[in-house]
Amino acid sequence: MAGPVLGPGSEIRAAIRPNRCLFRARAYLWVMTVHFPFQNTYSALPASFFARVAPTPVAAPRLIKLNRPLAAQLGLDPDLLESPEGAEILAGKRLPDGADPIAMAYAGHQFGHFVPQLGDGRAILLGEVIDKEGSRRDIQLKGAGPTPFSRRGDGRAALGPVLREYIVSEAMFALGIPTTRSLAAATSGERVQRETMLPGAVLTRVASSHIRVGTFQFFAARGDTDGVRKLADHVIARHYPDIGMAERPYHALLERVVARQAYLAARWLLVGFIHGVMNTDNTSVSGETIDYGPCAFMDEYNPGKVFSSIDEMGRYAYANQPQIALWNLTRLAECLLPLFAEDKEKAIEQAQFILGEFAEKFTTAYQSGLRQKIGLFTERDGDAALVQDLLDAMAKNAADFTLTFRRLADAAADADDDSVRAQFTDPSAFDEWATRWRQRLAEEPQSPAERQAAMRAVNPAFIPRNHRVEAVIQAAVNNDYTPFEELLTVLSKPYEDQPQYATYTEPPLPEQRVTQTFCGT
Ligand code: AMP
Ligand code: MG
């Protein structure tokens with residue numbers, strides 16, 4: 001049965017519909033079913049955009065985490081989602097009414113090499129709902145079983161990567177960085193074969209859409225300009241409705257995606273995040289961080305830092321990310337050329353002009369973020385050099401990225417530099433810089449307390465440090481989810497001190513260091 005049809009922006013609520021009335025000795029018992037108010041649009045696009053495929057039921061689904069606030073925001077009933085029926089849905093054993101399950105087609109450049117067909121090999125889109133704010137959100141099961149795009153994969157996900165994605169995506173959300181979200185994690189009761197046998201799991205991912213640069217490439221690579229146009233129209237209507245009536249909507253589309261990706265790359269750098277696998281199929285046209293595979297936050301600042309075991313050339317190293325974002329956007333621009341102008345030369349010129357705006361957009365967002373991180377309220381000549389000198393000293397002295405900036409906020413308030421100095425192998429490297437920093441701060445009227453508060457609002461105390469994530473996964477594999485729950489609690493308020501969780505601010509001890517992360521696919 002199809003879900004109710006609601007107009008765009010109309011209020012969505014979790015409709016609870018009694019579907020059966022069972023007679024018991026003295027009472028009628030209403031059996032509630034989980035209702036998703038689906039309003040699917042992607043599955044109404046031409047058949048070449050996706051493959052219709054249902055999740056493959058798993059043996060013994062068990063819900064290990066439901067994101068209750070997110071469920072409520074999506075108009076879903078958290079209590080019902082936690083019922084056995086809800087767990088079956090979230091593990092892909094049962095389809096909710098109104099779902100129109102599909103695997104989306106896409107292509108992509110992986111580490112610079114073009115693969116004309118990738119697609120959702122283990123993710124199945126159940127459908128779209130309109131959230132409480134009127135925004136359309138995809139609800140997708142990751143690890144839901146094979147699809148026509150699975151190639152040699154099993155369509156499944158292991159528990160570790162599912163928990164990693166849950167933790168890191170929700171941490172990104174709490175940090176205020178555009179991201180897909182995690183609605184739920186469930187174990188499947190099955191094991192998956194990786195290097196060893198591992199417990200299987202399913203993640204319910206929520207995104208403003210799952211349309212990637214690689215989705216455009218899928219059609220462009222087939223010379224299907226009509227497909228590119230239909231996709232572009234869909235993306236404009238969905239993500240950038242205000243440009244629908246623009247004189248040149250497809251140019252405006254590229255401009256918008258360039259702006260969102262430039263902002264996103266800046267936000268990543270400002271918290272020390274390394275995506276790890278910035279392939280074009282992992283680059284969302286909505287500007288959300290998507291696909292948390294071998295991602296990681298760095299502990300000590302090192303611009304060349306790479307965690308991913310498969311990134312042997314360091315293509316996706318921390319400081320390369322803005323450049324790679326632009327490289328990926330250039331691939332998007334190539335797909336859009338036929339929509340820009342009939343004259344190819346002219347189209348290329350127009351695309352290059354728009355891509356040329358990336359550098360300024362990124363630099364503006366990054367530099368203004370850095371100024372905020374060191375407590376500046378205004379912009380002066382020399383600020384970029386001042387902050388760069390701090391970063392250079394941090395790199396040279398293995399200073400912890402997160403702690404240095406967090407402690408700098410306190411140093412701004414009480415002139416006690418001990419805790420920030422302690423981050424540097426040679427603390428005097430900080431002293432020289434601090435003198436210049438304080439001179440610059442003195443040019444602004446804000447009080448120390450005001451400055452400290454502003455700095456604490458942009459410099460998190462808590463990030464999902466790798467060793468913590470790994471410890472959570474280890475415990476979970478042994479069926480202990482307490483550390484997982486506690487880490488989620490801590491990371492939900494990254495800018496608050498939470499003294500009871502102070503140990504979570506600490507970098508790893510030498511024996512706790514995680515030097516490599518894995519895709520885990
Ligand atoms: P990712 O590295 O997660 O971005 O995935 C790259 C491609 O591999 C996508 O097309 C995925 O759908 C596919 N893929 C990853 N893991 C699996 C798996 N276990 N089974 C089938 N396809 C997979
Ligand atoms: Mg991917």
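Biologist: Which side chains do Asp138 and Arg238 use to meet, and in what kind of link?
Modeller: The side chains of Asp138 and Arg238 meet in a salt bridge, 2.6 Å from N to O. A salt bridge here is a side-chain nitrogen of Lys or Arg within 4 Å of a carboxyl oxygen of Asp or Glu.

Biologist: What sort of model is this?
Modeller: This is a predicted model, where local features need pLDDT of at least 70, side-chain atom pairs count only at pLDDT 80 or more, and totals for chains, interfaces and linings use all residues. Residues are numbered from 1 along each chain as its sequence is written, and side-chain values use heavy atoms, with hydrogens and water left out.

Biologist: Where do the domains run?
Modeller: Domain 1 covers 10-210 and domain 2 covers 214-366. The bounds come from an automatic or database domain assignment.

Biologist: How many salt bridges are there between domain 1 and domain 2?
Modeller: Four.

Biologist: And how many residues are in contact?
Modeller: 38 residues of domain 1 are in contact with 41 of domain 2. Contact means heavy atoms within 4.5 Å.

Biologist: How much area do domain 1 and domain 2 bury?
Modeller: About 3300 Å² between them, with 61% of it on carbon and sulfur atoms. Buried area is the accessible area (1.4 Å probe) that two parts lose on being put together, summed over both.

Biologist: Which three residues supply more than any other three on the domain 1 side?
Modeller: His109, Phe111 and Pro178. They supply 21% of the area that domain 1 buries against domain 2.

Biologist: New topic. How far apart are the C-alpha centres of domain 1 and domain 2?
Modeller: They lie 25 Å apart.

Definitions and conventions
Chains are lettered from A and ligands numbered from 1 in the order in which they are written.
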